[in-house]
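Hi,

Here is the structure I promised to pass on. Have a look at it first, and then read on for my notes.

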Amino acid sequence: MKKSRRSFLKVAGVSALGIGIAPALKAVEAATTGTPGAAVRTKAPEALTAKRWGMVIDTNKITDKIAGKIVVACRKSNNVPDFNHKPDEEKYPNTRPVNHRQELKWIWEEHFNNAFPDKEDDFLADKFKDLPFLVTCNQCKNPPCVRVCPTKATFKREDGIVMMDFHRCIGCRFCMAACPYGARSFNYRDPRPFIADIDPAFPTRSKGVVEKCNLCAPRLAKGLQPACVEVSEGAITVGDLEDPNSEVRKLLGEKYSIRRKQELGTEPSVYYIM
Amino acid sequence: MSKNAIMAGLAIFVIAVLSPFWFNLGGTDAAPEPELSAKAKAAEKCVLDKYDMRANHMSLLDEWRDAVVRDADRKYHAANGKEFQMSLSTGEDSCLGCHEDKEKFCDRCHNYASVDPYCWECHTTPKEINQ
């Protein structure tokens, strides 16, 4: 059978059209009928939300006892290891001896001149010299740790919390070098043997990842206040810095407050009422 | 002379190539079935249906992790109408809340397939804590 060029081109054109149109039709079909009851992800209705989370620490209300309680509560709630804890021999046999200079810090006590090195003064009021200053991750508005993270394991959430995805952390420790507050610690060893009571509500970390305070984001998502706030007897308040009617903004509006190393331009979200 | 050498070489070659198959003959077990806990059996429906779950649970977990950590979304309203906590190991309606026994549910297949996910380096099982 002999085919003319003309009839061949006709058939070719129609087939090309058919090949092109089939996926288009399928797409239209899918769009109109929709996948049956597609899955949806939402926040829990009781979750606490904010435009930008911030923390206000009232230094007048912090005593040694309260500060100690806060540090312990944070450790417990977030499964932060304490290297002074003696590992259970049965559960963790042959644990290497501990280097007691190692620490994993989420919230900890610091002297005024270390917390605020730029504000050191010979004639500083005596009360500040002995006061325990609780320092933690500042949840910076302009976080240097996020900029240096090569895997985006550290990121700033839309609500201002600087978070870590421990799954993605490769342990390069750039963030530790970048953080001007020393708020990040590295797991040089498996932390589990040094956690007295593992809280099942939050995972532990593994060897080789960096960790830091996450403002108890998992607790906020369940409608709970951060662990430190809960035991602070009113010394720590957490709330929305962008909301003029929030508790934290009221506190900041009433009293004089300072932030750590403000001149670096990281815009910390943790305020200290003096 | 050369013919014998070739035949011998060929025989050795064939034996060498086929030896892994002979070695495994009769030694392999049937693929293990994950054992459902009473709670999982009672729930009847998982997040996706059985075969989808079997094939794609790892990508579902990956999706869940990103949703929880990055977007702070923690509730999953599945296509089958059920609601879940997007969590591997915490809470009643998380994965482990229903599939209570990790050894019988997760590890059996993972061991058989020789995959070694590092979930449990950080995530805890209730069993492990109470031990």
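Let me start with a question: leaving aside its neighbours within four places in sequence, which residues is Cys213(A) in contact with? The partners are Trp106(A), Ile107(A), Thr136(A), Cys137(A) and Ala183(A). Please bear in mind throughout that this is a predicted model.

Cys213(A) sits in the loop between strand E8 (210-211) and helix H7 (217-221) of chain A.

In soluble globular proteins, nonpolar side chains tend to be buried together. Not counting residues up to four places away in sequence, Leu134(A) touches Ile57(A), Ile62(A), Ala67(A), Ile70(A), Ile107(A) and Glu109(A).

Strand E2 (residues 53-58) of chain A is worth a look too. Five of its six residues are buried, and E2(A) pairs with strand E9 (residues 236-240) of chain A in the antiparallel sense through five bridges. E2(A) also pairs with strand E11 (residues 270-273) of chain A, this time parallel, over four bridges. Val56(A) takes part in both pairings: its bridge partner in E9(A) is Thr237(A), and in E11(A) it is Tyr271(A).

Now to the two chains together. The model scores ipTM 0.79 and pTM 0.81. In the interface, 21 residues of chain B are in contact with 24 residues of chain A. On the chain B side, H3, strand E1 (75-77) and H6 each supply at least two residues, with the largest share, four residues, coming from H3(B). By class, that side of chain B has nine nonpolar, six polar and six charged residues. The chains also share strand pairing: three bridges join strand E1 (residues 40-42) of chain A to E1(B), and the two run antiparallel. Within that pairing, Val40(A) has His77(B) as its bridge partner.

As for confidence in chain B, the mean pLDDT is 88, and 95% of the residues reach 70 or more. Confidence there is highest in helix H3 (residues 50-71), at a mean of 93, and lowest in helix H6 (residues 126-130), at 72. Both of these helices contribute to the side that touches chain A.

Helix H5 (residues 102-113) of chain B passes a simple geometry check: at 1.5 Å a residue its 12 residues should span 16 Å, and its end C-alpha atoms are 16 Å apart, so the two agree. Just after H5(B), Ser114(B) takes a positive phi of about 60°, although it is not a glycine. Ser114(B) is in the loop between H5 and H6 of chain B and is exposed, with 6 other C-beta atoms within 10 Å.

Glu267(A) lies in the loop between strand E10 (257-258) and E11 of chain A, and it is partly exposed, with 14 other C-beta atoms within 10 Å.

Best wishes

Conventions. Residues are numbered from 1 along each chain as its sequence is written. Chains are lettered from A and ligands numbered from 1 in the order in which they are written. This is a predicted model: local features need pLDDT of at least 70, side-chain atom pairs count only at pLDDT 80 or more; totals for chains, interfaces and linings use all residues. pLDDT is the predictor's confidence in each residue, from 0 to 100. The expected span of a helix is 1.5 Å times one less than its number of residues. Two residues are in contact if their C-beta atoms, placed from the backbone, lie within 7 Å. Ala, Val, Leu, Ile, Met, Phe, Trp, Tyr, Cys and Pro count as nonpolar, Asp, Glu, Lys and Arg as charged, and the others, Gly among them, as polar. Two strands pair if DSSP finds at least two bridges between them. A residue is buried if 20 or more other C-beta atoms lie within 10 Å of its own, exposed if 12 or fewer, and partly exposed in between; C-beta atoms are placed from the backbone.
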